[in-house]
Amino acid sequence: MVHMHALAQMVHMHALGAVGMQRGAREGIYVAACAWMMGMAPGLHGDLQGRRDYMATYKVAGTTWRPTRSPRLHGDLSIPAPHWLVWLVYGSYVTLVGHPVCRMDCMASYKIACIAWRPMAITVEFTPFQQLIWDVHHIDPEGLFPCILGHEAAGIVESVGEGVTEVQPGDHVIPCYQAECRECKFCKSGKTNLCGKVRTATGAGVMMNDRKSRFSVNGKPIFHFMGTSTFSQYTVVHDVSVAKIDPQAPLDKVCLLGCGVPTGLGAVWNTAKVEPGSNVAIFGLGTVGLAVAEGAKSAGASRIIGVDIDSKKYDIAKNFGVTEFVNPKDYDKPIQQVLVDLTDGGVDYSFECIGNVSVMRAALECCHKGWGTSVIIGVAASGQEISTRPFKLVTGRVWKGTAFGGFKSRSQVPWLVDKYMKKEIKIDEYITHNLTLGDINKAFDLMHEGGCLRCVLKLHE
Ligand SMILES: NC(=O)C1=CN([C@@H]2O[C@H](COP(=O)(O)OP(=O)(O)OC[C@H]3O[C@@H](n4cnc5c(N)ncnc54)[C@H](OP(=O)(O)O)[C@@H]3O)[C@@H](O)[C@H]2O)C=CC1
Ligand SMILES: N[C@@H](CCC(=O)N[C@@H](CSC=O)C(=O)NCC(=O)O)C(=O)O
């Protein structure tokens with residue numbers, strides 16, 4: 001059996017602020033330990049906000065679920081009936097709590113195992129957290145419930161299916177929500193890290209070869225999530241969705257390389273390509289924003305201005321390279337004007353690391369006329385749109401976005417692991433808490449309180 005250590009990111013309640021929710025609305029939020037199912041709130045199903053609602057309104061089942069059959073036989077992960085009943089019971093919280101919007105971005109977990117039981121599939125046992133969400137037009141994978149959430153993790157390959165050649169049982173791996181097949185139009189283009197090979201399947205919560213899920217509860221299918229489903233001791237992933245890493249690397253640390261940290265670093269190095277001497281503004285000093293700061297510092301940026309609504313963030317952010325701090329609440333004028341005034345006409349690069357479309361506009365408009373580039377990293381609530389005056393673009397500002405920081409996952413995640421092992425990038429500093437899966441509600445409480453960057457959840461004792 002292969003065990004994977006997976007970092008699962010916990011729900012970041014910070015994002016509540018981004019969608020205008022009050023902290024009070026978060027009270028009473030509970031989360032299911034692994035699988036999630038639809039609740040009864042109408043109108044929210046199938047979109048990002050709905051997903052977040054559901055993620056935030058289920059109570060942890062109390063015990064972690066485990067495969068009822070040997071993954072080695074089938075990789076068919078099932079959940080015992082009592083857990084299923086727990087979900088049904090606590091599903092009613094959806095209507096009681098309303099719709100607190102939260103993100104699953106600050107929990108990380110480790111210890112996963114992979115098994116492959118179908119051609120080109122790998123089963124992984126792990127404990128991931130962190131949720132990401134996407135839409136494929138009207139088919140939003142995050143709208144498919146019940147599913148096993150989680151996408152930031154690390155683990156060990158349990159077994160591999162027919163045709164899998166690049167990993168073997170025992171290999172240490174990091175699941176990659178952004179696959180890399182090296183064969184599709186996207187991978188061959190050299191212009192993007194997006195991969196098209198399994199995206200339609202991962203977007204639909206199923207495996208590619210038969211368009212079916214590998215998870216079930218009492219015979220009822222449970223959808224996959226982001227092609228990873230890492231909030232579980234075991235998962236099944238496509239072969240193009242795991243990066244083989246140095247077995248010496250601590251899984252309870254490098255699980256963070258499944259999403260947020262590479263995203264921030266890569267936004268600077270790959271997407272913006274920040275040059276030495278640049279002025280940089282970072283909106284939102286969570287893990288992603290701090291990783292942007294770390295990347296900007298290593299790229300030689302001279303001024304790295306952190307922008308956050310919580311002034312306490314500055315103390316932490318200094319350790320990641322932030323040289324100045326601005327709290328928008330301290331000013332009457334728009335934050336973009338504050339930054340333009342502070343930087344003789346605007347910054348060279350800005351990064352939105354929140355998921356707030358108003359802040360995205362501010363991040364674009366604080367850029368210097370003629371060349372300033374703004375990179376959108378944050379994931380906005382479903383259906384939201386960005387806007388600015390076209391003149392802002394006509395006069396030379398550039399608006400970009402980035403997914404997983406532009407890193408090609410299978411090729412470059414191992415490189416990032418090596419950089420961590422050589423102490424060239426930080427990981428430990430982003431981990432503010434370590435808990436077990438059974439303590440997941442505590443992890444949510446930590447998020448509510450603030451001060452939690454990433455909470456690593458241990459899935460296996
Ligand atoms: N594109 C991609 O590939 C990826 C995107 N993401 C996205 O990146 C974003 C950041 O992730 P993460 O760092 O984990 O999130 P966090 O929630 O930890 O960080 C966001 C920070 O922004 C602060 N904030 C909230 N509102 C404002 C505001 N109006 N102005 C300034 N600061 C504000 C929050 O403060 P407070 O805590 O007080 O609310 C918090 O400190 C998320 O939207 C996430 O979904 C993540 C990974 C990959
Ligand atoms: N469905 C959402 C958009 C979700 C999104 O942008 N996801 C990011 C990862 S966020 C990580 O925590 C991403 O990389 N997307 C690329 C992909 O292929 O899905 C919406 O519609 O707003």
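A salt bridge, as I count it, is a side-chain nitrogen of Lys or Arg within 4 Å of a carboxyl oxygen of Asp or Glu. I am working on a predicted model, where local features need pLDDT of at least 70, side-chain atom pairs count only at pLDDT 80 or more, and totals for chains, interfaces and linings use all residues. Residues are numbered from 1 along each chain as its sequence is written, and side-chain values use heavy atoms, with hydrogens and water left out.

**Salt bridges.** I searched the whole structure and got 15. One I looked up pairs Glu 324 with Arg 303, whose closest N and O atoms are 2.8 Å apart. Glu 324 sits in strand E15 (residues 324-326) and Arg 303 in strand E14 (residues 303-307), so the pair ties together parts 21 residues apart in sequence. Strands here are DSSP runs (E, at least two residues), numbered from the N terminus.

**Domains.** I took the bounds from an automatic or database domain assignment: domain 1 is 114-258 + 427-458 and domain 2 is 263-403.

**Their interface.** I found ten residues of domain 1 in contact (heavy atoms within 4.5 Å) with twelve of domain 2. The two domains bury about 800 Å² between them, 58% of it on carbon and sulfur atoms; buried area is the accessible area (1.4 Å probe) that two parts lose on being put together, summed over both. Tyr 430, Leu 453 and Arg 454 supply 57% of what domain 1 buries against domain 2, more than any other three residues. I then checked for salt bridges across this interface, and the rule finds zero.

Technical notes
Chains are lettered from A and ligands numbered from 1 in the order in which they are written. Helices (H or I, at least four residues) and strands (E, at least two) are DSSP runs, numbered from the N terminus.
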